Amino acid sequence: MISENSILRFARGTRLQHDRVRDVWFIQAPERAFHADPIAVEVLQLIDGTRNVGGILDLLCQKFAAPRDIIAQDVLTLLRDLATKQVLQAI
Amino acid sequence: MSAPPPPMSLLAELTHRCPLQCPYCSNPLQLEPRPQELDTEDWKRVLSEAAEMGVLQVHFSGGEPMARPDLPELVAHAAKAGLYSNLITSGMLLNAKNLQELADAGLDHIQLSFQDAEAESADHIAHMTGAHAKKLEAAQLIKTEGLPLTLNFVIHRQNCERVPAMLALAEQLGARRVEIAHTQYYGWGLLNRNALLPSRAQVEETEKVVAEARVRLSGRMSIDFVTPDYYADRPKPCMGGWGQRFLNVSPAGKVLPCHAAESIPGVQMPSVAEESLANIWENAPLFRLFRGTDWMPEPCQSCAFKEDDWGGCRCQALALAGDATATDPVCHRAPGHDLITQAITERPETPPPFHYRRYGNAKV
């Protein structure tokens, strides 16, 4: 289960990609492309295989001046969903 | 009609040549011979144009795409253009060296086909001794290299009882995804329908097994299940709608809305040799023919589901009802629906021998 201590990376064969033609972001994955909404993009751009989830939350709190517990809940839900879809994996 | 949205994916059928002879092959009955194949520079142009139009993923397919020595060069070109690249292969020509070349070129994913979970039946379906063993080796090489792997099983009456063994094999080989795809009955599949079409009980069993496995394997291995539309009440949204999401380029450069579209009579097949991909997508008569809903006859036109299934499959309407504009016979409201019930009723108890897919073998 992904927690604030988890360090995540994109699984091989998945990546976040900006689509110039449609001006939206997609998560490219084996034989599918998931549309990534602007919030997901903010989160996923901070995944670098080094920073843990807690560190990502700190940065998001600063950037959006929002309460940490609310952000934490949404971000963990998103990250767990993407781990179930095998887009992200814990190191 | 306003300009269509840009396509999402490109199926690049690099060649129709293949060492295997699977009787449900999605290639057309008239296979394009080697001298007609596009050259490397043509394919590079197609890939660049596709990326510029908004295509996100390119699926290198065939035939056996690894029969083209320029495959690593094309993969590298796709990667440079920002395309996600997928190799759809039989694995028959794969070895450690060419796998490394493909990985170094930036290949993102491999889909490896299997014909069954056990060698004897698999080799019979592919019509080649030793094919299954070779595929197992290919899967091991891919696993060792680390590229994400999807196993693809086309299922039918002669192998679908082994879906549990297929799922176990995919797990054992470390696949991230597995496709359990009921045969679609066009071209070679239609020619072999009596040898392939399962019973309703067989279909229901596969659905049950897959539903259970999805729960068990959640987060570890995802399962794509393609249902056989002969046992459905409503047609499938073939290709996500004609000319809406998907482009297919044949070995000779014909640009099609689906693999079987060459069967549609009375309309010219556009070619990358003559026009740009974008112009074909937006303007070619073939692409405009069944795009949207204006073309639909009744009962489709007044149907509440017309923008869910986009009228089902045009090639199936042509192949079964003899008219590409007819309601897909799979639909329970179609005037031609008894063609489907009849095919199911007349299915022989014992499957006839396979009519194998190979050059010059199209005639019955």
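In chain A, A:His18 stands opposite A:Trp25 of strand β3(A). Strands here are DSSP runs of E with at least two residues, and helices are runs of H or I with at least four, numbered from the N terminus. The model is a predicted one, in which local features need pLDDT of at least 70 and side-chain atom pairs count only at pLDDT 80 or more, while totals for chains, interfaces and linings use all residues. Residues are numbered from 1 along each chain as its sequence is written, and chains are lettered from A in the order in which they are written.

Strand β3 (residues 24-29) of chain A is joined to β2(A) by 5 bridges, and the two run antiparallel; strands count as paired if DSSP finds at least two bridges between them. The open sheet of chain A has 3 strands in the order β2-β3-β4, with antiparallel pairing. Because β2 (15-19) and β4 (32-36) of chain A each have a single partner strand, they stand at the edges, and one side of each lacks a neighbour in the sheet.

In chain B, attention turns to strand β1. All 5 of the 5 residues of β1 (residues 9-13) of chain B are buried, so the strand is largely enclosed by the rest of the structure; buried means under 20% relative accessible area with a 1.4 Å probe, protein chains only. B:Ser9, B:Leu11 and B:Glu13 cover one side, and B:Leu10 and B:Ala12 lie on the other. In a regular strand, side chains alternate between the two faces of the sheet.

β1(B) pairs in the parallel sense with β2 (residues 57-61) of chain B over 5 bridges, where B:Leu10 has B:Val58 as its bridge partner. β1(B) also pairs in the parallel sense with β8 (residues 246-249) of chain B over 4 bridges, and B:Ala12 stands opposite B:Val249 there.

Conventions. Side-chain values use heavy atoms; hydrogens and water are left out. Buried means under 20% relative accessible area, exposed over 50%, partly exposed in between (1.4 Å probe, protein chains only).
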